[in-house]
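Me: I would like a close look at a single part of this model, the place where two of its chains meet. Please take it in one connected answer.

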There are 4 protein chains.
Amino acid sequence: MGSSWKDQFADAPDVLKTTPDQTTVVRAGSVFIGGGDFVTMAGPCSVETERQLMETAERVAAAGARVLRGGAFKPRSSPYAFQGLGLAGLKLLAAARERTGLAVVTEVMAAADAPLIAEYADILQIGSRSMENYALLEAAARTGRPILLKRGMVATVADLLRSAQCIASYGNPNVILCERGIRTFETSTRNTFDVGGLTVLKEVCRLPVIADPSHAAGRRSLVPALARSAVAAGADGLIVEVHPHPEEAWSDGEQSLNFSEFGTMMADLAPWCELRAACRYALETVA
Amino acid sequence: MGSSWKDQFADAPDVLKTTPDQTTVVRAGSVFIGGGDFVTMAGPCSVETERQLMETAERVAAAGARVLRGGAFKPRSSPYAFQGLGLAGLKLLAAARERTGLAVVTEVMAAADAPLIAEYADILQIGSRSMENYALLEAAARTGRPILLKRGMVATVADLLRSAQCIASYGNPNVILCERGIRTFETSTRNTFDVGGLTVLKEVCRLPVIADPSHAAGRRSLVPALARSAVAAGADGLIVEVHPHPEEAWSDGEQSLNFSEFGTMMADLAPWCELRAACRYALETVA
Amino acid sequence: MGSSWKDQFADAPDVLKTTPDQTTVVRAGSVFIGGGDFVTMAGPCSVETERQLMETAERVAAAGARVLRGGAFKPRSSPYAFQGLGLAGLKLLAAARERTGLAVVTEVMAAADAPLIAEYADILQIGSRSMENYALLEAAARTGRPILLKRGMVATVADLLRSAQCIASYGNPNVILCERGIRTFETSTRNTFDVGGLTVLKEVCRLPVIADPSHAAGRRSLVPALARSAVAAGADGLIVEVHPHPEEAWSDGEQSLNFSEFGTMMADLAPWCELRAACRYALETVA
Amino acid sequence: MGSSWKDQFADAPDVLKTTPDQTTVVRAGSVFIGGGDFVTMAGPCSVETERQLMETAERVAAAGARVLRGGAFKPRSSPYAFQGLGLAGLKLLAAARERTGLAVVTEVMAAADAPLIAEYADILQIGSRSMENYALLEAAARTGRPILLKRGMVATVADLLRSAQCIASYGNPNVILCERGIRTFETSTRNTFDVGGLTVLKEVCRLPVIADPSHAAGRRSLVPALARSAVAAGADGLIVEVHPHPEEAWSDGEQSLNFSEFGTMMADLAPWCELRAACRYALETVA
């Protein structure tokens with residue numbers, strides 16, 4: 001890892017920094033990501049019911065979230081499993097945006113769904129399992145919507161940047177990267193949150209980078225500490241799973257926060273976010 | 001990962017928390033680790049010369065470090081490689097302690113060396129490659145000195161706790177755990193710093209936990225951000241490689257900070273450490 | 001790993017064995033996979049030219065291959081990279097089948113392409129990067145063609161079986177599993193060929209299992225030994241990259257065999273395959 | 001992985017091949033390892049009682065094993081756990097050698113024990129956890145006995161060769177390498193048996209290489225298939241756990257074969273070993 005350390009990222013020229021301060025600010029509705037503000041995205045794993053979504057939207061907005069997350073199209077390994085509410089889910093997300101002013105991010109898992117989802121969502125999420133689904137990357141990129149690109153479970157930082165480059169190559173530079181943990185031998189957490197990889201991304205790449213402490217931890221009690229560590233490493237935001245009643249969630253309940261826990265986390269996080277903003281230049285001091 | 005999540009740590013009963021606030025405070029000379037203060041250990045990978053060590057000791061002390069690190073016994077893969085200064089190195093470390101008031105931590109790699117090293121060092125370090133060297137754990141434990149136990153490159157959190165339990169079983173409860181990155185497929189960092197594992201340790205184990213951002217990063221520019229993330233996750237301290245002239249270091253130069261870089265990092269870190277102290281209880285809010 | 005070891009595969013009930021000898025024999029054209037014969041699939045990474053493909057088809061058929069492999073649709077990370085010959089490639093594959101009698105396997109990477117590819121290919125390949133692309137699994141399954149399902153780079157055996165179950169759930173039981181190496185910290189091979197995982201698959205799953213020594217090795221000199229080890233572990237066949245001039249291949253040249261190397265490997269492999277057939281019951285002796 | 005692929009092994013010059021056929025034949029008593037014969041080492045994880053050991057020695061010898069394995073010094077993570085019979089165990093091993101003519105291999109875990117163990121054992125085993133315990137490597141090397149060096153759980157092939165080089169550097173060229181599986185995310189086997197790594201070792205290194213299918217599998221039913229795959233990949237031998245009553249073994253019972261299973265495996269393995277001997281040159285055909 002010497003003078004040629006950066007060579008490993010050479011396949012992604014259009015998203016690398018050419019100057020230390022170069023940043024891409026991604027706009028989604030009225031929210032700017034990567035521009036200095038720390039942006040939290042929150043909501044349930046799946047859109048389940050109108051009441052569940054509206055209540056969640058209002059509560060996370062009140063606690064300081066700027067973007068509502070929620071899955072509507074959820075192709076699963078089994079045709080008998082819950083596949084998401086589909087179009088009805090998109091309409092609920094749009095209604096929640098109306099009421100709360102939150103921007104909306106939702107996942108697109110099939111290329112054919114991209115145009116429809118783009119009508120309703122402000123940001124299209126590409127999930128970990130899809131990070132190297134190039135047909136999907138193209139379809140999502142061509143909608144013109146900002147893309148939230150989650151790192152694959154076994155993708156290197158270089159692999160992630162290559163997929164970001166792919167999206168940029170289709171004329172869409174508005175990519176938000178997301179570190180969400182990688183698969184290792186460790187079993188006490190669901191995934192290994194790679195804060196070092198996040199740090200590398202902030203050093204070499206101009207795109208905003210957010211963290212997903214929920215999927216990394218897999219366990220609610222660990223979420224706030226991972227969120228703080230992401231702030232400290234220079235992340236531009238978070239995406240967090242929140243549910244009115246995690247123990248009743250249709251998916252990912254163990255890693256979802258309830259409203260009270262989310263509120264406490266956001267309040268506790270505030271001074272850390274201020275510190276991050278204040279010492280912004282320090283992030284690059286040594287680089 | 002449900003109600004039985006903690007079962008994976010069942011082999012280490014004597015180091016697990018029985019109440020959320022239970023902590024072991026480890027004393028080394030006049031330094032208390034795990035008692036609330038954030039303690040930084042710093043120094044060169046290897047003790048090379050008197051001038052190198054004294055200069056480093058004075059500079060890291062001035063920047064706020066409380067413990068001096070430096071390798072004296074370095075059995076290597078090749079008999080022709082530099083094996084450390086041995087006893088002469090220990091004497092230099094002791095002299096540096098005299099001059100600066102820093103406590104001293106140095107690695108013990110062979111059971112037979114433990115008693116001699118214990119005469120000079122305040123803390124005995126067990127390196128990653130030795131984490132499951134039970135003969136060495138016993139010999140180190142029996143010296144009565146505090147032990148800095150580094151996580152093995154491929155050890156789970158449960159494995160680390162099992163080795164800590166081993167030391168405790170020999171009548172020595174004064175163990176400091178150290179997260180220093182694990183081996184994964186990622187190549188942009190030398191190791192993958194497992195901030196999630198550190199968080200788990202703080203949740204379940206009463207022992208102090210420090211972080212080694214130098215070995216995790218393998219690359220100097222990433223060290224400050226990893227250090228900050230460790231603070232944010234609740235670490236009790238750091239161990240950092242510092243060298244007067246990293247480019248001339250006999251080992252690990254690429255990941256060593258020079259004095260100026262270390263000083264900047266410590267100054268930048270101060271408000272984060274304050275925040276950690278202030279929101280101390282918040283660390284457990286959700287747990 | 002005791003009495004509940006098989007519980008980890010519980011999500012894939014329709015592909016697990018209910019008796020030790022239960023096997024699914026998959027038919028592709030005149031080739032039967034999983035029925036006792038050892039079936040080799042061979043050909044280039046990409047269909048490049050008519051001459052390249054025809055020459056390869058004739059030579060691999062002469063050496064004993066039964067199925068021709070070759071990529072026609074190759075969505076890439078960059079829109080500027082070679083994306084495959086598309087329909088023209090499919091027509092060349094069909095022409096090669098006409099001339100040689102080989103069955104044809106080719107990869108489908110986008111759900112929208114599945115029906116067209118199914119018109120030309122005898123077997124649809126789902127690549128490693130697509131193993132959890134459920135929309136694609138559904139589209140491929142619904143064509144009714146046999147599916148060659150490659151294990152994801154970081155997929156567990158249980159994950160692979162879950163994806164096979166997904167295909168079966170859409171009414172298509174004709175799935176061939178493929179072990180092609182997983183991502184680990186080891187760097188001397190491109191991937192770590194998981195012969196233990198292959199053994200587990202043969203023990204618990206009724207579907208045929210083949211091995212891809214080319215992608216596992218990443219290096220031509222290692223391919224024959226990995227092929228032999230797959231035979232010895234009980235694999236039902238191989239898929240191997242072969243190119244007239246590997247050094248000029250448009251992709252994966254370093255791991256492709258030339259005709260002479262492939263011919264030698266097949267001849268050397270013959271007695272091992274006989275032994276596998278002869279001691280067939282021995283495979284289950286201890287189980 | 002091109003022309004410089006072999007550069008990764010450059011730290012181990014004295015154990016690399018300088019010609020394709022160069023091999024080190026290691027003699028232990030009357031057994032020659034690496035000289036063409038396939039050598040099986042078998043026995044219990046721990047020496048427990050005289051009856052257990054003698055019965056096992058006689059039965060594995062009758063089934064074709066040439067070397068008896070058994071642990072006598074077993075420093076454990078807990079001082080309360082069974083630490084092995086120590087000297088009494090060594091004497092039992094020597095008595096079993098007397099009676100059966102088997103050579104003896106046993107593990108040395110502490111440098112201080114090496115001279116004593118060398119008085120009784122024909123081969124000193126360095127376990128996975130000790131592969132980078134350089135003080136131990138030196139002590140074992142200096143006894144002059146052949147060394148069985150097991151790959152660390154997370155060691156690369158290059159790391160393993162570096163440790164072999166270390167032993168050779170102390171004047172002891174009689175090293176037998178052992179592939180025993182590496183730690184990955186896969187959970188259906190205890191470790192991931194790296195048959196590709198074994199193949200690389202046979203290609204680049206002159207030392208004999210054996211396989212440990214017991215620790216790789218972690219589960220008895222998988223052992224025979226892994227053993228066959230090791231034969232096919234060109235291994236020079238095996239080390240296998242065998243116990244009169246695995247379900248009553250003090251350690252590693254789940255992966256131990258009983259006498260009947262071991263006998264069946266050895267008989268089934270014979271034709272594979274013959275094939276390996278017959279096609280010996282084919283191992284290098286493509287290289």
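Reply: The model is a predicted one. The same surface serves both copies, since 100% of the contact residues of chain C recur in chain D.

Next, the extent of the interface. Chain C puts 56 residues into the contact, and chain D puts in 56 residues. The size of an interface is often given as the accessible area lost when the parts come together. Between chain C and chain D the buried area is about 4,500 Å², and carbon and sulfur atoms give 67% of this area.

As for specific pairs, four salt bridges are found across the interface of chain C and chain D. One of the salt bridges found in the model joins the side chains of C:Arg151 and D:Glu186, with an N to O distance of 2.6 Å. Polar contacts across the interface of chain C and chain D amount to 14 residue pairs, both residues being at pLDDT 80 or more.

The side of chain C that touches chain D draws at least two residues from each of α6 (195-204), α8 (223-233) and α9 (259-278) of chain C. Of these, α8(C) provides the largest share of that side, eight residues. By residue class, the side of chain C that touches chain D holds 28 nonpolar, 15 polar and 13 charged residues.

D:Ser251 lies in the loop between β10 (237-241) and α9 (259-278) of chain D. The relative accessible area of D:Ser251 is 14%, so D:Ser251 counts as buried, the cut-off being under 20%. Apart from neighbours within four places in sequence, the residues in contact with D:Ser251 are D:Cys45, D:Ser46, D:Glu48 and D:Arg76. With D:Ser46 there is also a polar contact, side chain to side chain, at 3.3 Å from D:Ser251.

Note on methods
Residues are numbered from 1 along each chain as its sequence is written. Chains are lettered from A and ligands numbered from 1 in the order in which they are written. This is a predicted model: local features need pLDDT of at least 70, side-chain atom pairs count only at pLDDT 80 or more; totals for chains, interfaces and linings use all residues. Side-chain values use heavy atoms; hydrogens and water are left out. Contact means heavy atoms within 4.5 Å. Buried area is the accessible area (1.4 Å probe) that two parts lose on being put together, summed over both. A polar contact is a pair of N or O atoms within 3.5 Å; within protein, one must be able to donate a hydrogen and the other to accept it, and residues adjacent in sequence count only if both atoms are side-chain atoms. Helices (H or I, at least four residues) and strands (E, at least two) are DSSP runs, numbered from the N terminus. Ala, Val, Leu, Ile, Met, Phe, Trp, Tyr, Cys and Pro count as nonpolar, Asp, Glu, Lys and Arg as charged, and the others, Gly among them, as polar. Buried means under 20% relative accessible area, exposed over 50%, partly exposed in between (1.4 Å probe, protein chains only).
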